[in-house]
Amino acid sequence: MQIPDSMRPYLDGAYGELVAKITRVLVTLGELKGATRMVPIASAHTSTMIYQSSGDEGQDFLDELAASGVQFAVPTSVDPISIDIEQYGALGIPEDYARAQMRSVRAFAKLGGLGSYTCIPWNCGNVPRPGDHLAWVDSSAVIFANSVLGARTNRYVDPAALAAAITGLVPECGLHRPENRDADVLIKVEARLEKPSDFAALGAVAARTFGPQVYVFTGLEDVPLPNEVYHHLGPALSTWGNVALFHVVGHTPEAPDLESVWGKKPAQGEMVFTQRDLDDFYAEFTPAGQGNQFVLFGCPHCTLTEVREIARLLQGRRIKPNHCLWVLTDLYTRHLARRDGLLDTIEEAGGHLVAEMCWLLSIKTDEIMANYDSFASDSAKAAYFSRSLAMPTYLKSRESCIEDILE
Amino acid sequence: MVREFTGQTVVPGEVEGEILITSQPFYFNWVDLDTGLVSQAGNELDGKSVTGKILILPSFKANIDMWRLYRICRRGNGPLGLVTPRLADDYMIVGSILADLPLIHLVTPDPIKELQDGQRVKMVKDAVVTCS
């Protein structure tokens, strides 16, 4: 691997052992994947030591990094954390737990980060352009950046993304190289897909059939595909099959037509996605007996468009006792929702609009699983993780999720 | 008789110690941060300690294992090194570098099948060697 002169001081310990160590992480991973040189990145997206998984040691880690005197060299956004900073108390999150997580929030600010804790950073000012190299973490964010925005990133691990954010460089391997971005698997969509959860089902079925490959979808040329649809398709693919890139012919930037991405390398598989496939997948996620249900939207985080739609469905209605609704979003969206009256509508119905938090990596997760009889979401990613925690889990359209818990 | 298992060093470092073997992906969330003891009913390592052992495993179970391993090691209760017959994934590599643990992958013949708990081995460059 050729190491640029600008990277040497970081690797050689000029900023201390921790910076040297994470830079070594970045270089080692690149060397093992056959990279021979480093390329500059336009932005980074990292995680800031989620308290639930990295604990006090993770907070120490980021404090030490901030104290080393380095700054992020490129715009660097950050994934959700274990608390809702503005209302952790109302959600029943203990004060000492919140205070512990806040250490890395302050450290991240000191490093010069874009502190909007979200898994959809393009909604909050980190908007890559086609062809940009990036160092992003979070499988949901990575697949969107690669596929919908046409930028180039591998699935980075936190310390590697932090090193890339500090040095502004990544090893040129994997999806940073154009020849690795052509499709291996062709999915011809025959089913009529209308709701975001339909696209979630499509992604889950495709990815669990063929695994970690590059996918191309046809048959959707005349279907409108707003960002919210990709927020369901992408994470379904990444969660169910470790997919990091897909193309949709006629929609995504690298696939104006099928020939642009298909037929240049040996095909690994083809599949027709039928109405039957769609119905069968929903049937798998229709357990018997709803009981007291926890409904979750926003995995990944909801946009303002989705929050508005959820508020419209809740207008003047009331959630049944012993049921619960969480709508997860970013801070920017919650502020707009408050100003526009949507927050009041959701709260008057008995729901919660939770910002900057990951439902799966918090002190609340076990409580949710213990206190409710079943879980429902329109997200195949949320459904995957809920079911992996042995919870009876429904995948349904947003409308059905809400209707089924209203009085 | 000394046996040599060849592999590829990912994180360099020479250590010698007793081995602990698991044939299934290992979840470090099963390990108590302050004692190093595995607590998972039904698992082959239930009740055993990873502290000071050379852990031979196929892979981590989840990506959060990286941070859990880091935390266990920061508290001084971690293993001595990691050995896998498979290709180490990013999380195992990064976890080993962060925790300052030597890591050798692609080790053959399969040490999970060929060795037993309690045997002593030495991790050297590109190989694991049994101590007679």
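Student: Why is A:V205 called buried in this predicted model?

Tutor: Buried means under 20% relative accessible area. A:V205 has a relative accessibility of 7%, so A:V205 counts as buried. This residue is found in helix α7 of chain A, which covers residues 196-210.

Student: Which residues does A:V205 touch, not counting residues up to four places away in sequence?

Tutor: A:V205 touches A:M271, A:F273 and A:F281.

Student: Why is A:H45 called buried?

Tutor: The cut-off for buried is under 20% relative accessible area. A:H45 has 0% relative accessibility and therefore counts as buried. A:H45 lies in strand β2 of chain A, residues 43-46.

Student: What makes the link between the side chains of A:H45 and A:S77 a polar contact?

Tutor: A polar contact requires a pair of N or O atoms within 3.5 Å. The side chains of A:H45 and A:S77 are joined by such a contact of 2.8 Å.

Student: Why is helix α1 of chain B described as largely enclosed by the rest of the structure?

Tutor: Of the 10 residues of this helix (residues 65-74), 9 are buried, so the helix is largely enclosed. Among them are B:W67, B:L69 and B:I72.

Student: What do the buried residues of α1(B) pack against?

Tutor: They pack against α3 (51-67) and α6 (158-167) of chain A, together with β4 (81-83) and α2 (90-98) of chain B. B:G76, with a positive phi near 80°, follows α1(B).

Technical notes: Residues are numbered from 1 along each chain as its sequence is written. Chains are lettered from A and ligands numbered from 1 in the order in which they are written. This is a predicted model: local features need pLDDT of at least 70, side-chain atom pairs count only at pLDDT 80 or more; totals for chains, interfaces and linings use all residues. Side-chain values use heavy atoms; hydrogens and water are left out. Helices (H or I, at least four residues) and strands (E, at least two) are DSSP runs, numbered from the N terminus. Buried means under 20% relative accessible area, exposed over 50%, partly exposed in between (1.4 Å probe, protein chains only). Contact means heavy atoms within 4.5 Å. A polar contact is a pair of N or O atoms within 3.5 Å; within protein, one must be able to donate a hydrogen and the other to accept it, and residues adjacent in sequence count only if both atoms are side-chain atoms.
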